[in-house]
Each structure stands twice: as structure tokens, then as C-alpha cells.
Amino acid sequence: MQLGLIGLGRMGGNMRDRLRSAGHEVVGYDPRPEVSDVASLEELAKALAAPRAVWVMVPSGEPTRSTVRALRDVLEPGDVVIDGGNSRYTDDGPNAALLDEKGIGYLDVGVSGGIWGKANGYGLMAGGSAEHVERVMPIFDALRPEGPREEGFVHAGPVGAGHFSKMVHNGIEYGLMQAYAEGFELLSAAELVTDVPGVLQAWSRGTVVRSWLLDLLVVALKEDPGLAKLDDYVEDSGEGRWTIEEAIQHAVPLPVISAALFARFASRQDSSPAMKAVAALRQQFGGHAVRSAAGPAGTPGEHAGPSSGTGSTHN
């Protein structure tokens, strides 16, 4: 099958390679001429036989929206556009409506697999009409992992369902990563445990916490024991925030995912105004020692209020 593929970065480039190795003809476009097969979206459309299928793998938000608008001008009725990036699901309805004005179909597909997807396959969550999903199924089958289709691909529902599913997937990922990270820190803090990487590796078969994420943590520790080469600053790409916002709208409690997102926020602070306030309050009401910005501890209760005393048990 022919496919146009826009965006040939880490994910898109690997997807092109996997599809070509499966026998599909992929025409790729990227602003970087050294990786692009064609020089423009117009050339991309001309290189594909109608009815065309064009997969978009560009950053979410305006980059994706502007790409969809541009494709509307170069594609024809009967073609279909697939947004495989990490777009927010609320963008899918407007994108689909814009293309539908010209008779162009639209699918949103959540894609999971990262840089390992080229070799292992990608988990795919599609939203859109059954007709369009069936038409592009040869591409989905080539991209998903080997094995039963239902273990690597789902038609999750109408337009928007694919990206909504991927949003929740990434929210869960936040929570899982945070749990492994906290377990690693506790193991490292305990002098009793002398082989922390070994403990984590021993969990990788037969235990209820085994997973691919755990395997990746084991690999990371083999490459950098103690993770000394890394800074503790952690970004978030948006899906965790969107997941929590949706939970609020639906009155669904997400304490674990919320805590994992807030932990990432905490990682970015050189100093925490909130924790400074906590330290100040502990000094005021309990006379507890505090550390000055320069380092040494302050005097317990130096400016504490009348409720403080040497017998205080407040924390």
C-alpha cells in the first residue's frame, strides 16, 4: 500500500523504515531536505495515487493544525488524513470537520512504542469511521507488534477516541514511572540493600510488578549505576495534564496520576517556595531547627510563637 508520511523525526523516520521493510511504499516529507523524499506537500500529493492516505507525525497543537489545513488544499475528495501525533483529542473534531468540507476523511491514532517501535512494533489506538480504519488496516498491521491484532491495535471509537485513549495511556505511564522511581530511591536509601540494580532486575520475571518500563529502568542502571550522569529535571509533554483535566470534568479521582505529574513539577525547582513555607511554619509552631539558605541550621524556636515549646510533638 502507498502512504504519505509527514514528519520524519525519531518516531516518523522509524515508522517509515518499518513500513518499507514490510513492503509498503512510503513517500516521506520533512522540512529537512536531507531526510525528505519530496520537497513539498504538493509534491507529496502528486507522488501518491488516488485515493491517498497521508499520515501526519508532527508536534501537537498548531504544527498539526497548520499541516491539516495545508493538506486540505493539496488533497482531493476520497483521500484520508491520519493524525498519529500526540494531539489533544479536542483538536480532532475541528480537524475532521475542516477536511470533511472537501470530502477528505480523517483518523486520529494514538501511537505508543517510542524509539523501540521500529523493531518491536507500535501500540495503536484509532478513532474515526470503520470505513477509513478498514482502508488503512494494512498500514496498521505493518506498524503494530506481531501477534493477535487485538493485542496491538484497537478501533477505539469515533473521531477523537484514539487520542483520548492515548492520553489516558500516557497518564497511566506517569503513575507507573513514578512508582518505580520512588521504589528505586527507597532501595538506594537503605544501607541494608547492597545491590539495588540486582533487586530491580530480579523483579523482571515472575513478579506482579514486571513490565517493559521496569526492564528499561534496569537497562538504564546498567549503563549508569546510580543514574549519576542525569539531572533530576523532568519535563511533561502535556498528556498527563490533559488526563487530569478530563478526570476533573468527569469527577473521576486520579490521585496517583495527579501526584506523579506534580512530582515532575517539583523536579524543576531549584528551590521550593512551598517547602520554605513549611520549614518556616515548623520553626514557628514547633521550634524545629531550620537550614538557612547558606546551609547551617537555624536556632530552634528563635522566633517561635507562644505555642512552641521543647515538649512539642508537632511535625
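The paragraphs below go through the domains, the aromatic pairs and the backbone exceptions of a predicted model.

Residues are numbered from 1 along each chain as its sequence is written, and side-chain values use heavy atoms, with hydrogens and water left out. Because the model is predicted, local features need pLDDT of at least 70 and side-chain atom pairs count only at pLDDT 80 or more, whereas totals for chains, interfaces and linings use all residues.

The protein is divided into domain 1 (2-157) and domain 2 (166-268), with bounds that come from an automatic or database domain assignment. Taken over C-alpha atoms, the centres of the two domains are separated by 30 Å. Twelve residues of domain 1 are in contact with eight residues of domain 2, where contact means heavy atoms within 4.5 Å. The size of an interface is often given as the accessible area lost when the parts come together. Here domain 1 and domain 2 bury about 930 Å² between them, and 57% of it is on carbon and sulfur atoms. Buried area is the accessible area (1.4 Å probe) that two parts lose on being put together, summed over both. One salt bridge is counted between the two domains; the term requires a side-chain nitrogen of Lys or Arg within 4 Å of a carboxyl oxygen of Asp or Glu. The side chains of Arg 88 and Glu 245 form a salt bridge, with an N to O distance of 2.6 Å.

Next come the aromatic side chains. Rings of Phe, Tyr and Trp (its six-membered ring) pair if their centres lie within 6.5 Å; planes under 30 degrees apart count as stacked, over 60 as edge-to-face and the rest as tilted. By this rule there are four aromatic pairs. One of them joins Trp 55 and Phe 140, whose ring centres are 6.0 Å apart and whose planes meet at 75 degrees, so the pair is edge-to-face. Trp 55 lies in strand β3 (residues 53-56) and Phe 140 in helix α7 (residues 137-143), so the pair ties together parts that are 85 residues apart in sequence. Helices (H or I, at least four residues) and strands (E, at least two) are DSSP runs, numbered from the N terminus. Trp 55 is buried at a relative accessible area of 0%, and Phe 140 is also buried at 0%. Buried means under 20% relative accessible area, exposed over 50%, and partly exposed in between (1.4 Å probe, protein chains only). Trp 55, Phe 140 and Phe 153 form one aromatic cluster.

The rings of Phe 262 and Phe 265 have centres 5.9 Å apart and planes at 45 degrees, so this pair is tilted. Both residues lie in helix α12 (residues 255-267), three residues apart, about one turn of the helix. Phe 262 is partly exposed at 48%, and Phe 265 is partly exposed at 27%.

The backbone has some exceptions. Most residues other than glycine have a negative phi, and most peptide bonds are trans. A cis peptide bond joins Ala 50 and Pro 51, with omega about -5 degrees; Pro 51 lies in the loop between α2 (41-47) and β3. Leu 227 is not a glycine, yet has a positive phi of about 55 degrees. Leu 227 lies in the loop between α10 (212-223) and α11 (239-250) and is partly exposed at 22%. Ala 251 has a positive phi near 55 degrees. Ala 251 is found in the loop between α11 and α12 and is exposed, with a relative accessible area of 69%.
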